[in-house]
Every structure is written in structure tokens, then in C-alpha cells.
Amino acid sequence: MSRLPAPIRWISERLEAPGGLHALTGPRGVCTWALEAIAPWLADAATVYWIDAANTFDAPALAKAAQRQRLDPRAVLPKIQIARTFNAFQLTSLVVGRLPGMPAGPAVLADPLAPFYDDDLPLEDARRAFTRWRDALAATARPVLALLVERRAPPGRGDFAPRLLAGARSVARASAGSH
């Protein structure tokens, strides 16, 4: 693999790690930025599982990022398998039940706290699902990169992000000037 710029290198190193949770926090666009940042890594990679908890996957942005880096988007796009979840229970079921049995490859969790912050989800259910989900992530053998969008947590859920980050092997923050 060719030498990559520092933020991209940080991401690619986490996706190639032996296993465990890594986290990248940042403003609202962190998921799109990370997606674009992994384009050069995908040129040499196998499958990446993009678990989209907040409808952030942007195929045109990934294709444009690949083109800017003189990569063929038709070679890059098929290397991402997307799973979209629409609530905390689907996300938890995917991580607890399906992720362990999927073929080898890193996983990216795009804005995974969004469904746990849903105001329509009762606090007790959110806490129970979050704990089950977080425990499953802690036990995973594959590398998992969580892309956390910085936002104010709803009442009673302010400990979710710190609890998730406490279990991560590494944490970095992307700022507006990172790309």
C-alpha cells in the first residue's frame, strides 16, 4: 500500500488491526469524511462492512473520492457491504447476532449512537439495548471503527458515548480542518 496522509493512515491502521473497537469522533460530516478517507485503503483491501445506523453512506462521495485519487470507483465501491439499521434494536441484533458470523473483514459503524438517542425510544429500552450492543462490540474479534458524531445526548443518555469510548482501544477526533 502506498504512503497515506496521517488521518487516512490512522483509519487504515485501525481497519487492519487484529481486532477490537476503535473510535473516531467528530462533527456531523465525520461519516462522509471517513468514507472518503478510506477510498485509497479500499483499493488494496478486501471487504469492509459498513453498518449504517443513521443513513450516512454516500456512494457518490466515495466514487468522487476514488476518482480524485486516480482509482476506479467500480473497483472500490463493491468492496463495501452495507447494512442499514433503522433503530437501536436492529443495530443491536446485527452486532450481537450477525456480525460474529460474517466473513472476516473490518466493520465500520457509522453514527451508531443515533438510534440510542432517539426520543421515541424509552430510556429503559435504550439503556438495555445499548449495554447489550456495547458488550457485543467489546467481545468482537474483528476490527471495528465507530464513527461518532458529536452531538448533545438526550436526557438520561449522556453516559452512552463515554461508556463506548472507555472500551475502545484507540480514540481520535476529526476536526473540520482534518481533511
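Visitor: Which residue in strand 3 does Tyr 49 stand opposite?

Guide: Tyr 49 stands opposite Gln 81 in strand 3. This is a predicted model, in which local features need pLDDT of at least 70, side-chain atom pairs count only at pLDDT 80 or more, and totals for chains, interfaces and linings use all residues. Residues are numbered from 1 along each chain as its sequence is written, and side-chain values use heavy atoms, with hydrogens and water left out.

Visitor: Why are strand 2 and strand 3 called paired?

Guide: Two strands pair if DSSP finds at least two bridges between them, strands being DSSP runs of E of at least two residues, numbered from the N terminus. Five bridges join strand 2 (residues 48-52) to strand 3, so the two strands pair by that definition, and they run parallel.

Visitor: What makes strand 3 and strand 6 edge strands?

Guide: In the open sheet of six strands, with the order 3-2-4-5-1-6 and parallel pairing, strand 3 (80-84) and strand 6 (170-173) each have a single partner strand, so one side of each is left without a neighbour in the sheet.

Visitor: Why is Thr 56 called buried?

Guide: Thr 56, in the loop between strand 2 and helix 4 (59-68), has a relative accessible area of 17%; buried means under 20%, exposed over 50% and partly exposed in between, with a 1.4 Å probe and protein chains only, so Thr 56 counts as buried.

Visitor: What makes strand 1 mostly covered?

Guide: Seven of the seven residues of strand 1 (residues 20-26) are buried; Gly 20, His 22, Leu 24 and Gly 26 point one way, and Leu 21, Ala 23 and Thr 25 the other way.

Key: Helices (H or I, at least four residues) and strands (E, at least two) are DSSP runs, numbered from the N terminus.
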